[in-house]
Amino acid sequence: MQRTITPKYIEPRTLSPFQRILLTTDGTLTEILEAYLLEKIKLVKLSEEVVKITKPIPALDLDIGNQIIERKVLLQGKISLNNFIYAESIIVPERLDNKLKSKLIESQEPIGRLWLEHKLETFKEIIDSALETAEELSDYFDIAKEDKMLSRTYRVFSNKKPIMMITEKFPESYFTKNHKNLFY
């Protein structure tokens, strides 16, 4: 079950200040987390594959048969080994420069760091935020399957073309006064 974050479903004032920052800013999430947690963040790739799409993806201006990279990752503390964020990306490889494309596939670097390293000019547009049950993601965060996760989905543009769409999720209980392992 997924619900869009609007005043109808989620009252922004019920979120902690840091949860609001994570859901609404267009900055690089890795850098924001490191500043907040005082810990370096590393990427853990769960899966990554190149596939041809069988349904159009209007948000990326893609038709059936276009090739994409589907990538699922965790952003994890280098010292604590806590998983802080789960992210799914749909990337259009033909719209990336070859060096960035290779690095994206071969490295263990978060996408935001690769944008900085390659000095890629980007524009991010948040297209959705949601509150949904954790389901199978609960194992990554040591929470119950019925616990809630907050998420945001955004498109990334470069050279005025959408190059990827990213959905980032974290437990609703994270980054609050009551969460035992995280700063507030």
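Mentor: Start with a term. A cavity is a set of grid points where a 1.4 Å probe fits but cannot get out. Keep in mind that this is a predicted model.

Trainee: Why use a probe at all?
Mentor: Rolling a probe the size of a water molecule over the atoms shows where empty space is left.

Trainee: How many cavities of 30 Å³ or more are there?
Mentor: The count comes to 1.

Trainee: How much space lies in the largest cavity?
Mentor: About 180 Å³.

Trainee: What lines the largest cavity?
Mentor: The lining has 19 residues. L75, I111, G112, Y154 and E168 lie nearest the centre. The elements that give two or more residues to this lining are α2, β3 (67-77), β4, α4 (111-117) and β7.

Trainee: And how does the lining of the largest cavity divide by class?
Mentor: It has 11 nonpolar, 5 polar and 3 charged residues.

Trainee: Which residues line the second largest pocket?
Mentor: R95, L96, D97, L100, H118, K119, L120, S158, N159, K161 and I163.

Trainee: Where is W115 placed? And is W115 buried or exposed?
Mentor: W115 sits in helix α4. W115 is buried, because its relative accessible area is 6% and the cut-off for buried is under 20%. W115 and L104 are 11 residues apart in sequence, with their C-alpha atoms 9.9 Å apart.

Trainee: New topic, helix α1. Which residues of α1 are buried?
Mentor: α1 covers residues 17-24, and F18, Q19, L22 and L23 are buried there.

Trainee: Why are they on the same side of α1?
Mentor: They cover an arc of only 135° around the axis, and that puts them on the same side of α1. The general rule is that an α-helix has 3.6 residues a turn, so residues three or four places apart point the same way.

Trainee: Now aromatics. How many aromatic pairs does the structure hold?
Mentor: It holds 8. Take Y86 and Y140, which form a stacked pair. The centres are 6.2 Å apart, with 15° between the planes.

Trainee: Where do Y86 and Y140 sit in the chain?
Mentor: Y86 is in strand β4 (residues 83-91) and Y140 is in helix α5 (residues 138-141). They are 54 residues apart, so the pair links distant parts of the chain.

Trainee: Is Y86 buried or exposed? And what about Y140?
Mentor: Y86 is buried, at a relative accessible area of 4%. Y140 counts as partly exposed, at 32% relative accessibility.

Trainee: What kind of pair do F141 and Y174 form?
Mentor: Edge-to-face, because the planes are at 85° and the cut-off is over 60 degrees. The ring centres are 5.9 Å apart. F141 lies in helix α5 and Y174 in the segment after β7, so the pair ties together parts 33 residues apart in sequence. Both F141 and Y174 are buried.

Trainee: Which residues form one aromatic cluster with F141?
Mentor: F18, Y36, F170, Y174 and F175. F18 is also one of the buried residues of α1.

Trainee: Last topic, backbone. What is phi of L81?
Mentor: Near 60°, a positive value in a residue other than glycine. L81 lies in the loop between β3 and β4. In general, most residues other than glycine have a negative phi.

Trainee: And what is phi of K160?
Mentor: About 65°, also positive, and K160 is not a glycine. K160 is placed in the loop between β6 and β7. K160 counts as exposed, at 81% relative accessibility.

Key: Residues numbered from 1 in each chain as written. Predicted model: local features only at pLDDT ≥ 70, side-chain atom pairs only at ≥ 80, totals over all residues. Heavy atoms only, no water. Buried < 20%, exposed > 50% of the residue type's maximum accessible area, 1.4 Å probe, protein only. Helix = DSSP H or I, 4+ residues; strand = E, 2+ residues; numbered from the N terminus. Arc of directions from axis to C-beta. Phe/Tyr/Trp six-rings, centres within 6.5 Å; stacked < 30°, edge-to-face > 60°. 1 Å grid on protein atoms, 1.4 Å probe; cavity = no way out; pocket = protein on both sides within 12 Å on 5 of 7 lines; lining within 4 Å. Points joined across faces, edges and corners; volume = space filled by probe spheres on them. Nonpolar A, V, L, I, M, F, W, Y, C, P; charged D, E, K, R; others polar.
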